[in-house]
Amino acid sequence: TIPAVETEVLIVGAGPAGAAAGALLATYGIDAMMINKYNSVANTPRAHITNQRAMEVLRDLGLERQAKAASTPQNLMGDHVYATSLAGQELGRIRTWYTHPSFKAEHDLASPTAVCDIPQDKMEPILVGAASYRGTTVRSGTELLGFEQDDDGVTSTLRDRVTGEQYTVRSRYLIGADGGRSLVAEQLGLRFEGEMVASASMNVVFRADLSHLVEHRPSDMYWFLQQGVGHGGVGVGVLRVVDTWDRWVGVWGFDASQGTPELTDELGTSIAHKLIGDDTVPVEIESLSTWGVNRKYAVENTRGRAFIVGDAAHRHSPMNGLGSNTSIQDSYNLAWKLALVLRGLAGPGLLESYAEERLPIAKHLVDRTVRSEGLMPGMFKALRLPPGFEESVLAQVLENLEAPTEEGAERRAEFRAAMDATLACFNTHGMELNQFYSSRAVVTDGAEAPVPERDVELHYFPSSFPGHHLPHAWVVKDQRRTPIFDLCGKGGFTILAGDRGAAWRDAAAVVSEELGLPLDVVVIGRGGDYEDAYGDFAAVAQIGELGALLVRPDHMIGWRTTETADADELLRVLRSILDR
Ligand code: FDA
C-alpha cells in the first residue's frame, strides 16, 4: 500500500474559490494541497466582473497589479447599450458598474481598489500561480473520489487521471471548492434550499474585431432585444468583451426543455452574426458551451472538519456578477481561521463562525439574483413583445416606440422605466460591500447596530461597527498617502488607534505575549505612525482620540472601543473571538 500523503488542508477545486484558498493558506504559511479534476484552469472566460471586495482580497495577497494588468478597467465597462444588435438601432443606455458620476464617487470612497473586468480564464492563472509559487501543492488531473473524517482529520481518496492510480491524502481539514456539482457537499449530506431552473444559455467565444462598433461607446456588455432570444438563460442576447475589442463571448438563451442544440462552429457563427447584426464581419469561433442557472444555497456549509466554499455553497444567475467574487470571499473568510486554528492560536470554535458569517450571505445572494433575473423580461413586457415574437412584430414595436402619440409616450415612459430598473442587475454596491457579520468572531458592546439610511443592496453603508467591512480612509506618512486597508490584513490582526492611542502598543504587547499572537498596532493622528491628514480616519473610525479598532485578518472590524487602552479588555475580546 502507498502511504497516505499528508497535508494540513486539502482543497478540492482550483476555480476562483479553491485557488483563492490555496493562495491565502500558502501566504499564511499553511501546508496545503489543491487538486483540480481537469488538466487546466478555466479554458473559457466565464465570470468576469471583479468587484472591489474581491479586488481587496487580491490586493491583500499582493496580486492587485497582476489582476489589473489582465483586466478591462472600470472606465471602459460602463455604457450598457440596449439595442436590436450591435450594428442595429440603439434603444437606450444605462450607466453600470458605478460609472455614473454620482455612483463613481460612492465607489471611489468605499475602497482603495476599483471594480474591473477580469475574465475567469485570466483570473485563475493568477491565483493558481500564486498558490503554487507560495508553496501550495497543486495537482491537476486529480479527482476526489470520496473521503472519511474522524476526530483528528480527513482521509480522502484521490485518483490521478493521467496514470489512473488511486492514493489517499490525510489532512487536518478539507475544503470543498468543487463547484456547482460539489461532491464534497453531497458526501457531507449538507442541506440546500432553492430550486433548479430549466432555462439555459449558450456561450459562444469568438474572435472578431468589433472596434468600429464599440470604441465610441465602450462597455463590458451590450444587450440585444432580438427575435430568437428571450426564451431561456438571461433572456436577452449579450455580447460581452473578453479582450478589447477583438475577443468576445456571445450569450444566447435556449429552451432547455427542447433539448440542447448541436454545438457546431456554424451555429456559433450564426449567433455571433445575429448579435453583431452584420454577417460580413469575419468571425473566428473558439468554443461553444452551454450553462444553466440554479437558484440554490446551502443552509449548512460545514460538517466536522470539512467546509464548502464558492459555487459548492451557492448557485445562482450571473446577474450582478457576484459568483466568483463571493466564492473568493468565502475563502477569504475561512482561510485565516483555519490558519490560526492549525497554528494552535485559536480554538476550533472559531471555525463555527464560518457558517454563522457566510450562510446568510449565500441566501441573500441567491435571493438578490433571482430578483435581478426578473428584471430583464420587463423590457420585453414594456414594449409588448410576446415570448417567441417574430421579426415583423419587433419592427412594429419599434415603430410604436417612436410614434408621436399619447400611446407612444406611454410606451416610451414604460420602456425607459423598465431599462432603468435593470440597473439593479449591475449596480448593487451594497451587495458587494455590506456583508455584515454577526457571529462569535465579532465582539460588540451590546449597542444596537446602526441602521443604514439607504437601500442596503444598492448602496454601501460605511461603518466601523463590529462586523462591518473596514471603511476606507487615506492616511499620510512621509508625504505619501496610504489606505488604512494596507496597514491591516496579511493574515494578522491589527489595532488601529486614535491620536492619543499610543498606550494600545503596551496593551497589545501584553496580550500578544499572553496569547502568542502577533498583533500590529498603528497609531493614526498627530505625532502617530501615520497622520490623519485628510481627517478621513477620524470620520470613519468613530473611536475618538483614545480608542481603537480591532481589524481582523479579513479586514472586517472585530471590535471597537472609544475607551482608553486596556490590556485586560483586549485580552477578553481576543479570547472570545479566538475561542481561547
Ligand atoms: P468552479 O466551478 O469555478 O471550480 C470548481 C473546481 O472544482 C474546478 O477546478 C473543478 O475542476 C474542481 N472539481 C470539481 N469536482 C472535483 C472533484 N471531484 N475532484 C477534483 N476537483 C474537482 N461570477 C462573477 O462573480 N462575475 C461574473 O460576471 C460571472 N459571470 C458568469 C457568467 C457565466 C456565463 C457563468 C456560467 C458564470 C458566471 N459567474 C460569474 C459565476 C462563476 O463562474 C462561478 O461562480 C465561479 O466559477 C465559482 O467558482 P468556484 O471556484 O466555486 O467553482
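Tutor: Begin with one residue, and keep in mind that the model is predicted. Ser111 has a relative accessible area of 3%. The cut-off for buried is under 20%, so Ser111 counts as buried.

Student: With which side chains does the side chain of Ser111 make a polar contact?

Tutor: One partner is close in number: the side chain of Thr113, at 2.8 Å. At 2.7 Å, the side chain of Ser111 also makes a polar contact with the side chain of Glu56. If neighbours within four places in sequence are left aside, Ser111 is in contact with Gln52, Glu56 and His472. The side chains asked for are those of Thr113 and Glu56.

Student: Is Ser463 buried or exposed?

Tutor: Ser463 has its place in the loop between helix H14 (429-433) and strand E20 (474-477). Its relative accessibility is 9%. The limit for buried is under 20%, so Ser463 counts as buried.

Student: What does Leu423 touch, not counting residues up to four places away in sequence?

Tutor: Leu423 is placed in the loop between helix H13 (406-421) and H14. At 24% relative accessibility, Leu423 counts as partly exposed. The C-alpha atoms of Leu423 and Ile94 are 6.9 Å apart, although 329 residues separate the two along the chain. With the sequence neighbours left out, Leu423 touches Ile94, Arg95 and Thr96.

Student: Which two residues does a cis peptide bond join?

Tutor: Most peptide bonds are trans. In the loop between strand E14 (237-243) and strand E15 (247-254) you will find Trp245. The bond has an omega of about -15 degrees, and it joins Thr244 and Trp245.

Student: What is phi of Tyr98?

Tutor: Most residues other than glycine have a negative phi. Tyr98 lies in the loop between strand E6 (90-95) and H4, and at 0% relative accessibility it counts as buried. Tyr98 is not a glycine, yet its phi is positive, near 65 degrees.

Student: Where does Gln542 lie?

Tutor: Gln542 also has a positive phi without being a glycine, in this case about 55 degrees. Helix H16 (536-541) and strand E24 (548-551) are the elements to look for. Gln542 lies in the loop between H16 and E24.

Student: Now the ligand. Which residues come nearest to the ligand?

Tutor: There are 32 residues around the ligand. They divide into 13 nonpolar, 14 polar and five charged. Those that come nearest are Asn36, Gln120, Leu144, Asp311 and Ser324.

Student: Which element supplies the largest share of the shell around the ligand?

Tutor: Helix H1 (16-27), strand E2 (32-36), strand E9 (142-149) and helix H9 (323-342) each supply at least two residues of the shell. The largest share is four residues, and it comes from H9.

Student: Last, the chain as a whole. What is the radius of gyration of the chain?

Tutor: The secondary structure comes to 17 helices and 25 strands. For 580 residues the globule rule gives 25 Å, and the chain is close to this, so it is as compact as a globular protein of that length. The radius of gyration is 25 Å.

Student: What percentage of the residues in the chain is buried?

Tutor: The count runs over 580 residues, and the cut-off is under 20% relative accessible area. Buried residues make up 57%.

Terms used. Residues numbered from 1 in each chain as written. Predicted model: local features only at pLDDT ≥ 70, side-chain atom pairs only at ≥ 80, totals over all residues. Heavy atoms only, no water. Near = heavy atom within 4 Å. Nonpolar A, V, L, I, M, F, W, Y, C, P; charged D, E, K, R; others polar. Buried < 20%, exposed > 50% of the residue type's maximum accessible area, 1.4 Å probe, protein only. Rg over C-alpha atoms; globule rule 2.2 N^0.38 Å. Polar contact = N/O pair within 3.5 Å; in protein donor to acceptor, adjacent residues only side chain to side chain. Contact = heavy atoms within 4.5 Å.
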